[in-house]
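Subject: A structure for you to look through

Hello,

Here is the structure I promised to pass on to you. Please open it beside this email and follow along as you read.

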Amino acid sequence: MPEQKERLESFCKFKGYEIIDYYTDAGISAKTGNHRPEFERLKDDIKAKKINTIVALKLDRITRSIYDWENLMTFLDENNAYLDCVNDEINTTSANGKMISRLLMSVSQNEIERTSERTKIGLAGAIKQGHIPHKAPLGYKREDKKLVIDYTTKDIVIRIFDLYYNGMSYKKISNLLNKERVLEKDNWRDSTIVGIIENEIYKGDFVHGKTTKHPTYYEDVVEPIISKEMWEDCQVQKKKNSRSYQRTLTYLYLQKLKCPKCNRILGGKATTKKNGNSYFYYYCNDCKIEFKEKLINDYFEQFISELIEYDSVVNQFFLPMIKQKFDEPTEQLQKEINNQKNKLERIKKAYINGAFDLKEYNEEKKIVEKAISELEYKLNTTDCVEELKFTPKDILLKRDIDFINKIKLDKEYQERTKTWKDYTRQEQADLIMKYVDDIELALVGNEVVVTQINFRESICKPCQELYENGYIDTTKPMILGNVLGSVRFSNYLPEKEVGEIIMRLRQYYDVHYTEATYYVDKQVFYFNFAEDNSAIVRVFPLKDYYKLDPDNKMETYEFGILYINEEDKFQMQEIDTAFNYIPDETNDSVIYTKEPTHISVGVKPVKFCEDDTAETN
């Protein structure tokens, strides 16, 4: 610095020293010792007798290490040279000057060590709270400076680990991601996959100073994306992959289960008996908990038929209506776009304030603008759906027809419907990966029990909205007179819309309508359909009791009941119509009546097809 140079020159003039040269190690800390280019040149000049006195502003500008200082003092003695400091009034030409220099050096080193301790403690505390001092890796993002899971990219990470775990090499994985243009990228590299597989952050841990001699390992500092067992297995997998090893076992619930004690993601293992049958287990090494996959299967079975119906029937034609992709939630994408735009503004301000030169600014700007462009493309892809051909009422209608088909055309229904046992194990795993976020477990004594299955918000949210608006049903247990059973229940719909659905249903089946009183306290319907072999299609409230009676203080509710009799048959000529089409909206000229009335209307195909305009009368 010019002012420092000026002060040193004034000091030399005052002392009568002749200035031979200037030695400046700019940007290099004195705490790194004497191994600095300019300092080494200074020592060489002392050895060559070009100079005999070092002049510095302060002692700590030379070094802050007692060890290095003693070596320097020895070097100066051996070469009949000295040190003189401007601010510290130190002159090593005397014994007192050497003693004072040693005391000051001890204070400087102590200050460095205390600062280092405080920095390490502060950094450790920050890391333990999720403040990871690195760029957020794929699958994570920053919120309030903390590293949190990015649900727009989380599943990409899980898929990479699954592919590698099952025997696919780094190169094959990167080629696959390029082929599919995952994240709209075609520059995936095997080195990128290596970095993901070897990164401890994905099991919730972090290694600080990984490339140093003494790295620090922090456990459980962020929410993990994969289990510790899975991560460890993938490290072992490196040797197996080098021999082109390919796994043949598929775990249905891998990455979906957490330990009921420590909340860690559970690992999976399997045993294969001599008869060829494989048995799957999930476990936590730390808590010594292990249980069979059958435990989850038994609980999951009650949801399987609904899940398959959703996937194979409902999803086919109302996915365009909910305008939302399963793995790319619109809100998450929009939030990330806003984050990137804010980042772009910060870069602009930094450039204006002189933190970047023009070249660096353009490079940083290009990176962020590309990220924004890719996110906006994904958002547009999510929102740009096919022309809406189906209404919310179509969903309820289709599910009613399917329910009746299952009763009246059971043989045909079974032939056309793919059940859980018809799925391959890989298809089952894919379905669970697609729809299930996680499965909650608890310990009852020493027994592990399933408490809840959490479906993905991108599935639950639109379904919940449809249910609240009366356009999708749910199955609920109820007492029907003297019979305990379950019925399909839908929320309140205005009478006009209910009438439209009834009229459309009657194009296929002679659906009947009645009303019943529901006693709130006893939770009982006092009627009995068992005597005349009738089957309830659906129950729905005649008023919006959620709004009228939020605290359940009313004694009774009035419900509408749709049902069919044993003798009711499918009324169209072609059985296929019952499965492949739904009745179109009734004509406005048709007068709604709750009594059975046959009318003739067109039908529309269940599966959306741009060119399919055929109608059946």
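Let me begin with a question: are lysine 398 and aspartate 402 buried or exposed? Before the answer, please keep in mind that this is a predicted model.

Lysine 398 is buried, and aspartate 402 is buried as well. Their side chains meet in a salt bridge, with 3.0 Å from N to O. Both residues belong to helix H12, which covers residues 392–408. They sit 4 residues apart there, or about one turn of the helix. Elsewhere, salt bridges with shared partners link Lys203, Asp205, Asp220, Lys228 and Glu232 into one network.

How covered are they? Aspartate 298 has a relative accessible area of 43%, so it is partly exposed. Lysine 294 has 53% relative accessibility and therefore counts as exposed, since the cut-off for that word is over 50%.

The other salt bridge joins the side chains of aspartate 21 and arginine 41, at 2.9 Å from N to O. Aspartate 21 lies in the loop between helix H1 (2–15) and helix H2 (37–47), while arginine 41 is in helix H2, so this pair ties together parts that are 20 residues apart in sequence. Aspartate 21 counts as partly exposed because its relative accessibility is 36%. Arginine 41 is also partly exposed, with a relative accessible area of 29%.

**Patches on the surface**

Now turn the model to look at its surface. Which residues form a negative surface patch? They are Asp357, Glu360, Glu363 and Glu364. To find your way there, look for helix H11 (residues 358–383), where glutamate 360 lies. Glutamate 360 has 38% relative accessibility, so it counts as partly exposed.

There is a nonpolar surface patch too, of about 310 Å², made by Tyr351, Ile352 and Leu358. Tyrosine 351 is found in helix H10, which runs over residues 330–352. With 31% relative accessibility, tyrosine 351 counts as partly exposed.

How many of the 11 residues of helix H16 are buried? The number is 8, so the helix, at residues 495–505, is mostly covered. Among the buried residues of H16 are Glu497, Arg504, Val498, Ile501 and Leu505.

**Strands and their partners**

Next, have a look at the strands, starting with a hairpin. Strand S3 (residues 140–143) and strand S4 (residues 146–149) run antiparallel and are joined by 4 bridges. If you look across from lysine 141, you will find valine 148 opposite, in S4. The hairpin has 2 residues between its strands, and aspartate 144 takes a positive phi near 55° there.

Which strand pairs with S17 over 8 bridges? That is S14 (residues 512–519), and the pairing is antiparallel. Here tyrosine 513 has leucine 562 in S17 as its bridge partner. S17 also pairs with S16 in the antiparallel sense, over 6 bridges. In this pairing, phenylalanine 540 has glycine 560 of S17 as its bridge partner.

Arginine 538 has a relative accessible area of 3%, so it is buried. The C-alpha atom of arginine 538 is 6.6 Å from that of valine 487, although the two residues are 51 residues apart along the chain.

Happy exploring, and do write back with any questions!

Best wishes

How values were computed: Residues are numbered from 1 along each chain as its sequence is written. This is a predicted model: local features need pLDDT of at least 70, side-chain atom pairs count only at pLDDT 80 or more; totals for chains, interfaces and linings use all residues. Side-chain values use heavy atoms; hydrogens and water are left out. Patches are made of residues with over 30% relative accessible area and no salt bridge: like charges are joined within 9 Å, nonpolar side chains (Val, Leu, Ile, Met, Phe, Trp, Tyr) within 5 Å. Accessible areas come from the Shrake-Rupley method with a 1.4 Å probe; for residues, only the protein chains shown count as cover. A salt bridge is a side-chain nitrogen of Lys or Arg within 4 Å of a carboxyl oxygen of Asp or Glu. Lys and Arg count as positive and Asp and Glu as negative; His and the chain ends are not counted. The place of a charge is taken as NZ of Lys, CZ of Arg, CG of Asp or CD of Glu. Buried means under 20% relative accessible area, exposed over 50%, partly exposed in between (1.4 Å probe, protein chains only). Two strands pair if DSSP finds at least two bridges between them.
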